[in-house]
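Open the structure in your viewer and keep the sequence panel beside it. The tour below goes from one selection to the next and says what is there.

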Amino acid sequence: MADGAEPVLNVRDLNTVFKTRSGSVHAVNSVSFSLKPGELLGVVGESGSGKSVTMMSLIGLIPSPPAQVSGTGVEFGGMDLLKASDDELRRIRGARIGFVFQDPMTSLNPVFTVGYQIMEPLRKHMKMNKADARRRAVELLELVGIPDAERRLKDFPHQFSGGMRQRVMIAIALACDPEVLIADEPTTALDVTIQAQILELMHELRAKLGMAVIWITHDLGVIAGIADRVLVMYGGQIVEHAPVKELFQHPKHPYTRALLKTIPSVRGERADRLEVIEGQPPILRAAPTSCSFSARCEFCFERCLNENPPRFDVGHGHDTACFYDFDANGPRHQPNMAMTQLAGGVGDAG
Amino acid sequence: MLDETNSGNVLVEVRDLKMHFPIHAGVFKKRVGEVKAVDGISFDIFEGETLGLVGESGCGKSTAGRAILRLYDITEGSIKIDGVEIGPTPQPKLREMRPTMQMVFQDPQASLNPRMSVAAIIGEPLDEHTDFSKKEKREKVLGLMDAVGLNRDFANRYPHEFSGGQRQRIGIARALALNPKFIVCDEPIAALDVSIQAQVVNLLEDLQEEFGLTYLFISHDLSMVRHIADRVAVMYLGRVVELATREELFRAPKHPYTQALLSAVPEPDPSLEEKVERILLEGDVPSPSKPPKGCNFCTRCPQVMDICKEIDPTGKEIAAGHQVACHLYADT
């Protein structure tokens, strides 16, 4: 991807707060990122790190109340999605932004045939007639590698296996040629051999269709194989952002570094003992005033407890929200410049 | 860790274990078939070792684990734990033997009673199987909490006040309460976050060393199994297709299914990832109620031969401690 390319999606300072009776939960805290055409952006984090909520917030899939979504802006196709009306959002969702959810069973409607569910967005958004929509549906099922597509249109979701259902979900998401596809843990519920099939399919589809993809997962192995750039989320914030090789070779945030050490591999050397990250992920009762990882961090020093680290640019398209500089093995002395630059987005310097 | 040459004492001996579940249909609930969840598996588990049992969902690995502890009435086969045959033993009699064999369940949320305090949960096996006084029991419970790394002060709290990893620790403490010899861990880390998984796996390893435990570690996570298991059995559609030591299995897998399974695991290192040769399997696992004729894997096997569609391969020992059920290795 050229650095100068205009991003298709530009998220600036997104916040999501859930107001519940037992207090508020700050699930997403000033998240900024951009997505360029044709790239695959991986988002990793543990459960509760805010990765799903971020993506659902920006296209208005989080019910409000209880949630309050705010931010400087979510630019998509010359429009601010945060200010868009429900009608406008509805016209974008499924048409220009596709969504694939984690569990293929619960996200397909069991009482409609698969054919109907693929044709629905085509007829709604593309105003196709029945015959055209049908033809397109067969095409889509073939595209995602479902054999005997014509006949399978009449089948119901329960007649498909888990991997096949996920293919159907991807077919639905792709139906209207979206510019952006958001895939929320699309392979987590699947077995490894089926997951390998879906990842392969994703490689092919991206080569063919050239859409931008946001791939949410907690599996660093999946990310390593598929992503161009990676966002690491922790405690509702982006703690590190880098091109995929850079991230795995030179992780700069203690959380990423620890995470990479905790996962064993099926190849290479086997460690005698697993490294662990002691402690628990934070509970996000209030907007962060200190580093959210400080309680579990071995490099934590005074500044981390008093200030929430902004994202520092460390070069090579890499930034990290940490006061500790691993290159200097000591506290970071860089000026706090990254913030303004990042908030402005990559393709939007003014 | 045990030598491959079967020198240790066999603690668990499983022979031709079958667990079929009937399918009933129609108005009169006539028996129309059966789901062959576990269809004739045999293996030994040596004292003090960890046997990993891996496979994809629906391959029967959890059923196998539960059947070995006789949580089901098995269809056929023999199970010997510590020299005692428990295959045909009726359930009331089994109860007396339960202290030697325990289980850690997958979902720590569902396997803990929300209305019982942690102390009551961990102490329940003691109520049933020992005549400890109240004070002794309390001591034992607190000791167990120390052993699994739970703060003693939390003894009177309820499961919902704990995180997933801590709840799994409660489940482990409960399993340890009666000083068992053998513990079946059924996907103990599947419901946990990556950073917490490592904590629980390390705990299981420490406890094994401390109490001399023997584990059957059931998991679909091959990289974790590689870490914790001494030997690994790979299941596919109710059968064990390959059984070998950890080193052997991950270095030189023999069965085409094991090869495909290992190659499908994503590599968390992009520079290594590019070198991994993927074997992509076509299609899905057949239904265990209608397994294919011949080898169970013949419908998806990339190296399928004519004989595979006719004759079911039996497990063969191709090297010391390395068993494979595949026609490719029929002559060796």
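Is F326(A) buried or exposed? This is a predicted model, and in it F326(A) has a relative accessible area of 11%. Buried means under 20%, so F326(A) is buried.

**Stop 1: aromatic rings**

The structure holds 14 aromatic pairs over all chains. F299(A) and F326(A) form one of them, an edge-to-face pair with 4.7 Å centre to centre and 85° between the planes. The pair links distant parts of the chain, as the two residues are 27 residues apart. F299(A) is in the loop between α10 (254-262) and α11 (302-306) of chain A, while F326(A) is in the loop between β14 (324-325) and β15 (330-331) of chain A. F299(A) has 24% relative accessibility, so F299(A) counts as partly exposed.

Now go to chain B and select F154(B) and F162(B). Their rings also form an edge-to-face aromatic pair, at 5.8 Å centre to centre and with 70° between the planes. F162(B) is buried, with a relative accessible area of 4%.

Back in chain A, select Y234(A), Y255(A) and F293(A), which form one aromatic cluster. Then show R152(A) with F160(A): R152(A) lies over the face of F160(A), 4.1 Å from the ring centre. The charged end of R226(B) sits over the ring of F250(B), 5.9 Å from its centre.

**Stop 2: the sheet of chain B**

Switch to the cartoon view of chain B and find its open sheet of 8 strands. Which order do the strands follow? The order is β6-β7-β8-β3-β9-β10-β12-β11, with mixed pairing. β6 and β11 (316-319) of chain B stand at the edges and have a single partner strand each, so one side of each is left without a neighbour in the sheet. On average, neighbouring strands of this sheet are turned by 25° against each other, direction ignored.

Select residues 50-54 and 231-236 of chain B, which are strands β3 and β9. These two strands pair in the parallel sense over 4 bridges. For one bridge, pick L53(B), whose partner in β9(B) is A233(B).

**Stop 3: helix α5 of chain B**

Select residues 164-176 of chain B, which make up helix α5. The helix has 13 residues and reaches 19 Å from its first C-alpha to its last, close to the 18 Å expected at 1.5 Å a residue. α5(B) lies across β6 and β7 of chain B, running at about 175° to β6(B).

How many residues of α5(B) are buried? The number is 12 of the 13, so α5(B) is largely enclosed by the rest of the structure. Among the buried residues are G165(B), I170(B), A173(B) and L176(B). To see what covers them, show β6 (101-104), α3 (118-129), α4 (134-147), β7 (182-186) and α6 (194-211) of chain B, which are included in the cover.

**Stop 4: R98 of chain B**

Select R98(B), in the loop between α2 (91-97) and β6 of chain B. R98(B) has 17% relative accessibility, so R98(B) counts as buried. Leaving aside neighbours within four places in sequence, R98(B) is in contact with L69(B), R70(B), L71(B), Q91(B) and H129(B). The C-alpha atoms of R98(B) and P125(B) are separated by 9.6 Å, and the two residues are 27 residues apart along the chain.

**Stop 5: strands and a helix in chain A**

Select β1 (residues 9-20) and β5 (residues 73-76) of chain A, which run antiparallel and are joined by 4 bridges. R12(A) has G73(A) as its bridge partner in β5(A). β5(A) is also joined by 2 bridges to strand β6 (residues 79-80) of chain A, again antiparallel. Here the bridge partner of E75(A) is D80(A). The hairpin of β5(A) and β6(A) has 2 residues between the strands, and G77(A) takes a positive phi near 55°.

Last, select residues 192-209 of chain A, helix α7. Its buried residues include V192(A), I198(A), M202(A) and R206(A). α7(A) is followed by G210(A), whose phi is positive, near 60°.

Key:
Residues are numbered from 1 along each chain as its sequence is written. Chains are lettered from A and ligands numbered from 1 in the order in which they are written. This is a predicted model: local features need pLDDT of at least 70, side-chain atom pairs count only at pLDDT 80 or more; totals for chains, interfaces and linings use all residues. Side-chain values use heavy atoms; hydrogens and water are left out. The expected span of a helix is 1.5 Å times one less than its number of residues. Buried means under 20% relative accessible area, exposed over 50%, partly exposed in between (1.4 Å probe, protein chains only). Contact means heavy atoms within 4.5 Å. Rings of Phe, Tyr and Trp (its six-membered ring) pair if their centres lie within 6.5 Å; planes under 30 degrees apart count as stacked, over 60 as edge-to-face and the rest as tilted. A charge sits over a ring if NZ of Lys or CZ of Arg is within 6 Å of the ring centre and within 35 degrees of the ring normal. Two strands pair if DSSP finds at least two bridges between them. Axes are lines fitted to C-alpha atoms, for helices over the stretch in contact, and angles run from 0 to 180 degrees between N-to-C directions.
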